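Hi everyone, thanks for coming. Let's have the picture up, and then I'll walk you through a few spots in it.

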Amino acid sequence: MATLKDIGVAAGINIVTAFIFFIIFAVLRLQPFNDRVYFSKWYLKGLRSSPASGGFLNLDVRAYLKFLHWMPEALKMPERELIDHAGLDSVVYLRIYLLGLKIFAPIAILAWAVLVPVHWTNHTLELAKQLKNVTASDIDKLSVSNIPLYSKRFATHIVMAYAFTIWTCYMLMKEYEIIANMRLQFVASEARRPDQFTVLVRNVPPDPDETVSELVEHFFLVNHPDHYLTHQVVCNANKLADLVDKRKKLQNWLDYYQLKYSRNNSQIRPMVKLGCLGLCGQKVDAIEHYMAEVDKTSKEIAEERENVVKDQKSIMPASFVSFKTRSAAAVCAQTTQTRNPTEWLTEWAPEPRDVFWPNLAVPYVSLTIRRLAMSVAFFFLTFFFIIPIAFVQSLATIEGIEKVAPFLSVIIEHGFVKSVITGLLSGLVLKLFLIFLPSILMTMSKFEGFTAISLLERRSASRYYIFNFVNVFLANVIAGAAFEQLNSFLNQSPNQIPQTIGVAIPMKATFFITYIMVDGWAGIAGEILMLKPLIIYHLKNAFLVKTEKDREEAMDPGSIGFNTGEPQIQLYFLLGLVYAPVTPMLLPFILVFFALAYIVYRHQIINVYNQEYESAAAFWPDVHGRIITALVISQLLLMGLLVTKRAALAAPFIIALPVITIGFHRFCKGRYEPAFVRYPLQEAMMKDTLERAKEPNLNLKGYLQEAYIHPVFKGGDGDDDDDSVLGKLEGEVIIVPTKRQSRRNTPAPSRISGESSPSLAVINGKEV
């Protein structure tokens with residue numbers, strides 16, 4: 001059980017650690033040779049071409065005296081300018097941290113002003129210490145554990161629960177309204193993008209007489225004759241993409257050895273072993289070997305390109321279909337196309353840079369099976385992960401270490417060492433256990449077949465949140481309380497068991513305080529160092545960079561990481577809402593996290609992160625829903641806690657809270673969510689009218705023709721025949737002769753042959 005001294009030691013260590021990280025960052029960011037890492041976004045946008053100070057090192061002493069100057073600088077850029085600079089997704093992501101401050105700052109003030117005195121002025125825990133297996137510290141005296149059974153003081157908690165709920169819902173509604181308006185304004189003022197005119201059509205039914213490309217064109221010429229513009233069929237180019245990636249890696253090794261040879265004064269040719277990981281096998285000339293491998297792979301790429309273009313089996317029953325106007329695309333994306341709701345499925349196309357191309361080749365019929373399989377796999381991952389976490393965390397305590405290594409008792413029982421272990425180790429162990437989880441969850445999301453990177457991240461974030469709820473929250477609170485109940489059941493009479501549960505649940509707050517400091521203080525401060533990108537950039541810059549394009553790839557900073565950052569934020573919302581009426585001691589630690597994270601990520605978004613897609617804050621309904629879920633969980637847990645405290649007469653007054661909260665969520669869902677899932681036809685018409693007035697001679701077809709062609713056909717990988725292959729792909733779209741012999745609903749002539757289909761006469765009434 002962590003005491004106030006243990007928490008103080010842990011807080012001191014984390015504050016010092018964060019401060020050291022900031023000092024190291026201040027030194028590193030001032031060095032000219034690190035400029036492309038810590039200001040990479042300005043280089044990628046073409047607004048910065050060289051460091052602010054020349055030379056290799058910054059020798060200006062005055063610059064180092066302002067090592068925290070980046071904090072106020074990060075807050076200076078206005079929100080409207082920040083949207084233009086980084087996009088709406090990044091700005092709305094930052095607003096989640098601001099929302100945390102807006103919700104928890106008043107709650108913390110109210111809780112400390114009202115609940116802390118109510119808790120502190122009791123003596124229940126002093127009597128509880130006489131019970132076996134029940135311990136308490138000064139921190140627990142600030143919690144609901146210090147209130148006796150049957151106490152009338154629980155009425156205060158009910159009033160505070162209503163106050164916290166009303167305030168949280170009010171702030172959520174205001175934020176939802178603000179962000180919905182921001183999204184609509186952003187979409188209205190946004191420049192022309194291919195996805196505004198394009199829908200993704202899935203599950204195109206097979207036809208024995210026509211190719212997928214012909215079938216798609218004929219279908220939309222019939223059903224959208226005045227608005228259809230062009231389309232691009234989806235091809236299975238995954239093998240080709242793998243070959244292109246393979247050649248890129250081989251080319252990197254070839255460049256490395258060529259540079260190494262050119263810098264070698266002894267003129268010794270570099271050698272490489274062909275065995276496992278280059279540790280064994282035949283030794284050959286590295287340059288000749290990789291030149292041969294690059295040539296071999298280039299030939300394979302050329303052959304695979306031809307196969308993809310010519311083989312109809314590589315064409316998937318899906319297509320990107322573009323329209324002449326945004327309003328026509330909105331109608332198509334948001335309506336059912338045929339009587340059979342399982343065919344000709346339409347949805348908004350992701351913007352081209354948001355498309356996750358490998359999953360476009362996944363057959364639509366297999367998506368349900370894939371998602372069911374991943375749901376089962378996630379279930380087992382979530383619940384079986386509790387075992388190693390619980391085992392390792394049991395060892396990360398004073399008692400656990402003494403059981404495994406009794407000879408360390410003399411050392412760990414020392415005051416300072418004991419405080420470090422109690423206040424720091426368990427939170428650090430949990431943080432380390434979660435390092436590889438985001439990669440696992442992202443792999444599972446990719447297997448499920450989502451076609452957009454934004455959808456992959458949102459799916460992964462949703463599962464990360466569930467995992468945190470089960471393994472980080474429930475495993476440490478509910479399971480911990482159950483453990484206390486089990487011990488009590490063995491040693492106490494049945495009427496003492498509820499009291500033990502009532503004491504055990506709020507006492508778990510001390511663990512979460514240590515976790516918040518490790519993850520939310522030192523972890524956030526470590527984020528700004530960018531150690532991994534820094535090391536990768538300097539390695540690539542030393543061995544692989546030959547051109548400015550190589551240098552841009554080397555300093556690629558990545559994006560903000562919604563799939564990892566947002567679930568972390570939601571865990572703090574959950575902890576804050578659950579423990580606000582139970583242990584207000586936890587709230588200041590959460591406020592420090594939200595404030596520090598807001599400043600750090602604002603700096604990173606302005607100077608470093610380069611968002612790889614723009615969804616116009618489409619993720620906000622998920623954020624809102626998870627905060628509502630946390631609020632309902634906090635109300636149910638408080639209700640259960642009051643029951644264990646024998647305050648059964650008070651508990652029914654909280655029953656209305658979940659009902660009110662869920663009703664509020666349904667109101668927000670109906671009022672604001674449509675702005676995030678549908679595109680208003682009025683907005684689309686306004687943009688179309690404005691565009692026709694400003695650019696009456698716009699060649700929209702030329703603008704959209706190549707927008708959704710697979711990246712491997714767009715060049716940039718070193719092949720000379722990219723243009724010719726691209727021309728063949730475009731030909732597949734443009735030249736559509738009518739071959740159909742069956743009588744289908746195609747009452748329109750081919751654009752090329754000019755001949756009507758056999759069914760046209762039937763529809764015109766000229767043939768029976």
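Let's start with Gln635, which is found in helix α27, residues 620-644. Helices here are DSSP runs of H or I with at least four residues, numbered from the N terminus. A quick word on the source: this is a predicted model, where local features need pLDDT of at least 70, side-chain atom pairs count only at pLDDT 80 or more, and totals for chains, interfaces and linings use all residues. Residues are numbered from 1 along each chain as its sequence is written, and side-chain values use heavy atoms, with hydrogens and water left out.

Is Gln635 buried or exposed? It counts as buried because its relative accessibility is 3%, and buried means under 20% relative accessible area with a 1.4 Å probe, protein chains only. Leaving aside neighbours within four places in sequence, Gln635 is in contact (heavy atoms within 4.5 Å) with Thr165, Ile654, Leu657, Pro658 and Thr661.

Now the helix pairs. The axes, lines fitted to C-alpha atoms over the stretch in contact, with angles from 0 to 180 degrees between N-to-C directions, come within 7 Å for α13 (residues 326-333) and α30 (residues 681-694), crossing at roughly 155 degrees. That makes α13 roughly antiparallel to α30, a label for angles over 145 degrees. Among the residues making this contact are Arg326 of α13 and Glu691 of α30.

For α1 (residues 4-29) and α26 (residues 587-607), the axes come within 14 Å and cross at roughly 10 degrees. These two are therefore roughly parallel, meaning an angle under 35 degrees. Here Ile7, Phe22, Phe25 and Arg29 of α1 meet Phe589, Leu596, Val600 and His603 of α26.

Definitions and conventions: Buried < 20%, exposed > 50% of the residue type's maximum accessible area, 1.4 Å probe, protein only. Parallel < 35°, antiparallel > 145°, perpendicular 65-115°, else oblique.
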